[in-house]
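Here is a friendly briefing to read alongside the structure. Keep the viewer open and hop to each residue as it comes up.

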Amino acid sequence: MTQGLATRTIHAGETADAHGSPNMPVYNTTTFRFASTADLLDVVEGRRPGSLYTRYGLNPTIQALEAQLASIEGAEAAWAFCSGMAAETSVFFAHGRKGVVCIGDAYGGTLELLATQLPQLGIETHLILGHELDRLEPLLESGSQLVFLETPSNPALEIMDIASVADRVHRHGALLAVDNTFASPVNQRPLELGADLVVHSATKYLGGHSDLTAGAIMGARELLAPVFGWRKNLGSMIAPETGALLSRSLRTLTVRVERQNRTAQTLAETLVRHPRIERVLYPGLPGFPGHELAARQMHGFGGILTIEVKGGGTAATRVADRLRLFILAPSLGGVESLVTQPCTTTHHGLTPQERARRGISDAMLRLSVGLEDPEDLIADLEQALA
Ligand SMILES: *Cc1c(COP(=O)(O)O)cnc(C)c1O
């Protein structure tokens, strides 16, 4: 019987340490000693698993972390990286050289990489919006082999149907990669819905404490194999100390995210009734456009909600500046609640016209709900909105 997710976050990747430690120690070393050349060649040529060189990921701390990362997404294997962007870059280089289609809103760095940097290397990229899905088939027919999407999207929390897109992508022999950072595997497991690869900024929910930068990809061994060389030679390996810290954080992932889901739902239900708020975007609200789809494909609605303040961009800035408990900072997924005004941070690089085309208004504030008492968070929002 497959164990539950909470059990796996704690016990996957467990190895018997020589001293009986229940946790994999931090192997803070760059290299490993061999008894003989024959012994070394056995590892180099893959005849036996073993530790070799940390940048390759052949380090027990990193390998234990990767077993844990694979297990939480229900994947055959996982590679850990030094950041979410490092993970994405390696996936695009390994699988996207014949063209990448990105559907909907993605993280700002992802959009920049796809819109300006990969094309400089001659890689064709296409950014289409969630309501332009009719453009997908022609792009797949013209040779794009990797489709990338993020759901729920940032910051409007648009929900995309992973199973349906996976089906359309597979009919053309292409691959679907999903950035699962916003949902976390507690709330959504894209591989079970038909996606081929999952990408994470582990800097967010997986790390969960705003104190480490890391990334991961999960999927079938066969699809991860070509990514290995890119990670190795781009030098995108996570440091063993950071890997151990991430591994520790993963053990509390389910309790953190379940609590964040509950608090976000409470905040959303309270804020919809607030006279100074125009709109609350949260997949857990029955009136939200993606609610039914989210209820079908997700196990929880997540810890992020976006509010639109009455009075436009200046009013939203005033609220952001007046919040005391919510920290004004551009990240998410940590134990502390954060607020960000997308037009000044994550989407600052887009022109006002492009933001409008993507439905991102200046009046939006994105709230990442932490683990504080919900009453204190509500009180903070009420004083800032007053
Ligand atoms: C933060 C983020 C990234 C980039 O991750 P880093 O760890 O900062 O490199 C990618 N995707 C999403 C959805 C993110 O929120």
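Leu-338 is a buried residue, with a relative accessible area of 5%, and its place is in strand 11, residues 338-340. Leu-338 and Gly-370 are 32 residues apart in sequence, yet their C-alpha atoms are 7.5 Å apart in space. Please keep in mind that this is a predicted model.

**The ligand and its surroundings**

- There are 13 residues around the ligand, and those that come nearest are Gly-84, Asp-179, Ser-201, Thr-203 and Lys-204.
- Ser-201 places a polar side-chain atom 2.8 Å from an oxygen atom of the ligand.
- Thr-203 has an N or O atom in its side chain at 2.6 Å from an oxygen atom of the ligand.
- How much of the ligand does the protein bury? Taken alone the ligand exposes 380 Å², and the protein buries 92% of that.
- Helix 4, residues 84-95, supplies the largest share of the shell around the ligand, with three residues.
- Sorted by class, the shell holds four nonpolar, five polar and four charged residues.

**The largest nonpolar core**

- The largest nonpolar core has 65 residues. Those that touch the most other members are Leu-69, Leu-246, Leu-271, Val-280, Leu-305 and Ile-307.
- Helix 11, residues 253-271, gives the most to this core, contributing six residues.

- As background, most peptide bonds are trans, and most residues other than glycine have a negative phi.
- The bond from Thr-151 to Pro-152 is a cis peptide bond, with omega near -5°. You will find Pro-152 in the loop between strand 4 (146-150) and helix 7 (162-170).
- Asn-154 and Pro-155 are also joined by a cis peptide bond, with omega about 0°. Pro-155 lies in the loop between strand 4 and helix 7.
- Leu-157 is not a glycine, but its phi is positive, at about 60°. The loop between strand 4 and helix 7 is the place of Leu-157.
- Is Leu-157 buried or exposed? Leu-157 has a relative accessible area of 1%, so with the limit for buried at under 20%, Leu-157 is buried.
- Ser-184 has a positive phi near 70° and is a residue other than glycine. Ser-184 is placed in helix 8, residues 184-187, and counts as buried at 0% relative accessibility.

**Pairs of residues across the chain**

- Pro-185 lies in helix 8 and is buried, with a relative accessible area of 0%. Between Pro-185 and Val-257 there are 72 residues in sequence, and the C-alpha to C-alpha distance is 9.5 Å.
- Gly-215 lies in strand 7, residues 215-219, and is buried, with a relative accessible area of 0%.
- Asn-28 lies in the loop between helix 1 (5-11) and helix 2 (37-44).
- Why does Asn-28 count as exposed? Its relative accessibility is 52%, and exposed means over 50%, so Asn-28 belongs in that class.
- Asn-28 and Ile-378 are 350 residues apart along the chain, and 43 Å separates their C-alpha atoms.

How values were computed. Residues are numbered from 1 along each chain as its sequence is written. This is a predicted model: local features need pLDDT of at least 70, side-chain atom pairs count only at pLDDT 80 or more; totals for chains, interfaces and linings use all residues. Side-chain values use heavy atoms; hydrogens and water are left out. A residue is near a molecule or strand if one of its heavy atoms lies within 4 Å of it. A polar contact is a pair of N or O atoms within 3.5 Å; within protein, one must be able to donate a hydrogen and the other to accept it, and residues adjacent in sequence count only if both atoms are side-chain atoms. Accessible areas come from the Shrake-Rupley method with a 1.4 Å probe; for residues, only the protein chains shown count as cover. Helices (H or I, at least four residues) and strands (E, at least two) are DSSP runs, numbered from the N terminus. Ala, Val, Leu, Ile, Met, Phe, Trp, Tyr, Cys and Pro count as nonpolar, Asp, Glu, Lys and Arg as charged, and the others, Gly among them, as polar. Buried means under 20% relative accessible area, exposed over 50%, partly exposed in between (1.4 Å probe, protein chains only). A nonpolar core is a set of buried Ala, Val, Leu, Ile, Met, Phe, Trp, Tyr and Cys residues joined through side-chain atoms within 4.5 Å.
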